Amino acid sequence: MQNNFDVAAQSQSALATNKVLRNTYALLGFSLIPTVIGALIGMTMNFSFAAQSPMLFFIFALGAMFGMFYLIRANRNNSLGVVFLLGLTFLMGVMLGPILQVAFSLSNGGQIVGLAAGGTASIFLVLSGIATTSKRDFSFMGKFLMIGLMLLILAMVVNIFFQIPAMSLAISGIAVLIFSGFILYDVNRIVRGGETNYIMATLALYLNIYNLFVHLLHILMAVMGNRD
C-alpha cells in the first residue's frame, strides 16, 4: 500500500515538474517577441549619452532592471508577474540597441548577428537537453557560478573605467562559460523540482540566454567583424 502511495506521489511530482517546464519554455519563447520589438526600437535611438557617461548609464540600467526584478518577484504568483516580465524583456531589447548599432555598422554585421543568435540557440538546446535527460544533479554548480558571476560583474565595472579591449574580450569569453553553466544549472533545477514557479524560472533562463547572446555577439564582432 505504501509503495502505491509513493508511486502516486512521484507521478504527481513528475507531472507538476513537466508542467512548470512546459510553461517556462512557452513563456520564454513568447518573451522573445517584446525583446525583438525593443531591439528594433533601440536600434533607432541615440545612445550617445551612454558613451559619454558609461558608468551613469550602467547604474541607471542596473537600477531599472533590479526594479523590474522586484516587481516580477512580488507578483510571481499572479498574471501581473507575466506582464512585468514581458515589460522587462522589452526593456532588455531596447538596451540591445547600442551593440546592435555597432554590429550592423559592419559590412558583415547581419551575418555576425545571425551567427550569435544561432550559437545562442544551439548552446541553449544542447545544454537544456542535457539538463533535462541527465540523471546527474547539477546543483553543486550553484555556488561556483554565483562566485563567478560576482567576479564577472566586478571585472565589467573595472573595465568601464579602463576600456581595455583585450580585457573586454576576456570578460565576454568567461561570461559565455558562466551563462552556459547557468542554463545547465537552472534547467536541471526546474527538472528536479527546485524551482516550481514558471515565471521565476523563465526570468532566470531569459537572463542566461540574453547575456549569452550579448557576449557571443561581442566575441564574434571582435574576431570576424569587417569594417570595410
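**A histidine and its surroundings**

Guide: Let's start with H215, which sits in helix α9. Keep in mind as we go that this is a predicted model. H215 has a relative accessibility of 8%, so it counts as buried, the cut-off being under 20%. Who are its contacts? Setting aside neighbours within four places in sequence, H215 touches S172, A175, V176 and F179.

Now for helix α8, which covers residues 165–191 and packs with helix α7, residues 141–162. The angle between the two is about 155 degrees, and their axes are 10 Å apart. That angle makes α7 roughly antiparallel to α8, because anything over 145 degrees counts that way. As for handedness, α7 and α8 make a left-handed crossing.

Which residues actually meet there? On the α7 side you'll find, among them, M141, L145, L149, L152 and M156. From α8 come residues including I171, A175, I178, F179 and F182. A175 and F179 turn up in this helix pairing, and they are also among the contacts of H215. Sorted by class, the α7 and α8 contact holds 17 nonpolar residues, five polar ones and no charged ones.

Let's step back to the largest nonpolar core, which has 56 residues. Several helices give two or more residues to this core, including α1 (2–42), α6 (109–133), α7, α8 and α9 (198–224). The largest share comes from α9, with 15 residues. Inside the core, the residues with the most contacts are L88, L96, L203 and L217. Take L88 as an example: leaving out neighbours within four places in sequence, L88 is in contact with M65, M68, F69, I72 and L203. As a general point, nonpolar side chains tend to be buried together in soluble globular proteins.

One last stop is Y25, over in helix α1. Is Y25 buried, partly exposed or exposed? Its relative accessibility is 31%, so Y25 counts as partly exposed. Again leaving aside neighbours within four places in sequence, Y25 is in contact with F124, S128, T132, V187 and L205. And how far is Y25 from Y206? Along the sequence, Y25 and Y206 are 181 residues apart, yet in space they are 9.9 Å apart, C-alpha to C-alpha.

How values were computed: Residues numbered from 1 in each chain as written. Predicted model: local features only at pLDDT ≥ 70, side-chain atom pairs only at ≥ 80, totals over all residues. Heavy atoms only, no water. Axes fitted to C-alpha atoms, helices over the stretch in contact; angles between N-to-C directions. Helix = DSSP H or I, 4+ residues; strand = E, 2+ residues; numbered from the N terminus. Parallel < 35°, antiparallel > 145°, perpendicular 65-115°, else oblique. Left-handed = near helix turned anticlockwise from the far one by under 90°. Contact = heavy atoms within 4.5 Å. Nonpolar A, V, L, I, M, F, W, Y, C, P; charged D, E, K, R; others polar. Core = buried A, V, L, I, M, F, W, Y, C linked by side-chain atoms within 4.5 Å. Buried < 20%, exposed > 50% of the residue type's maximum accessible area, 1.4 Å probe, protein only.
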